[in-house]
Amino acid sequence: MIKLTRLGGHPFVLNAELIQYVEANPDTFITLTTGDRMVVAESLDDVLARAIRYQQAKFLAPAGPVTPA
């Protein structure tokens, strides 16, 4: 999950797994795999950096204990 800001200044959290692509036109548009589109205050580079950090953190965080079935 990555924290972003809508153009009106309202923060929200987005599941980065759903990002299909991001474009700057000049506002930053995010298109999700669901087909939804949203405009955010962050730059394309900032969204990209947050999505990359999210993906890196997924694999660096230690896994929780596994309980036997």
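Contact here means heavy atoms within 4.5 Å. The model is predicted: local features need pLDDT of at least 70, side-chain atom pairs count only at pLDDT 80 or more, and totals for chains, interfaces and linings use all residues. Residues are numbered from 1 along each chain as its sequence is written, and side-chain values use heavy atoms, with hydrogens and water left out.

**Layout**

The protein chain has one helix and five strands. Helices (H or I, at least four residues) and strands (E, at least two) are DSSP runs, numbered from the N terminus. From that end, the order is β-β-β-β-β-α. Of the 69 residues of the protein chain, 23% count as buried. Buried means under 20% relative accessible area, exposed over 50%, and partly exposed in between (1.4 Å probe, protein chains only). Among contacts with a separation of 6 or more, 30% join residues 24 or more positions apart.

**Helix H1**

H1 covers residues 44-60, 17 residues in total. Its first and last C-alpha are 24 Å apart, close to the 24 Å expected at 1.5 Å a residue. The expected span is 1.5 Å times one less than the number of residues. Val47, Ala51 and Tyr54 are buried in H1. They lie on the same side of H1 because they cover an arc of only 55 degrees around the axis. The arc is taken from the directions from the helix axis to the C-beta atoms. An α-helix has 3.6 residues a turn, so residues three or four places apart point the same way. The face turned away from the buried side carries exposed Asp45, Phe59 and Leu60. The cover over the buried residues of H1 includes strands E1 (2-5), E3 (19-24), E4 (28-32) and E5 (37-40).

**Two residues compared**

Lysine 3 sits in strand E1. Glutamate 42 lies in the loop between E5 and H1. The contacts below leave out residues up to four places away in sequence.

Lysine 3 and leucine 14 are 11 residues apart in sequence and 6.4 Å apart in space, C-alpha to C-alpha.

**Side-chain interactions**

The side chain of glutamate 42 makes a polar contact with the side chain of threonine 5, at 2.8 Å. A polar contact is a pair of N or O atoms within 3.5 Å; within protein, one must be able to donate a hydrogen and the other to accept it, and residues adjacent in sequence count only if both atoms are side-chain atoms.
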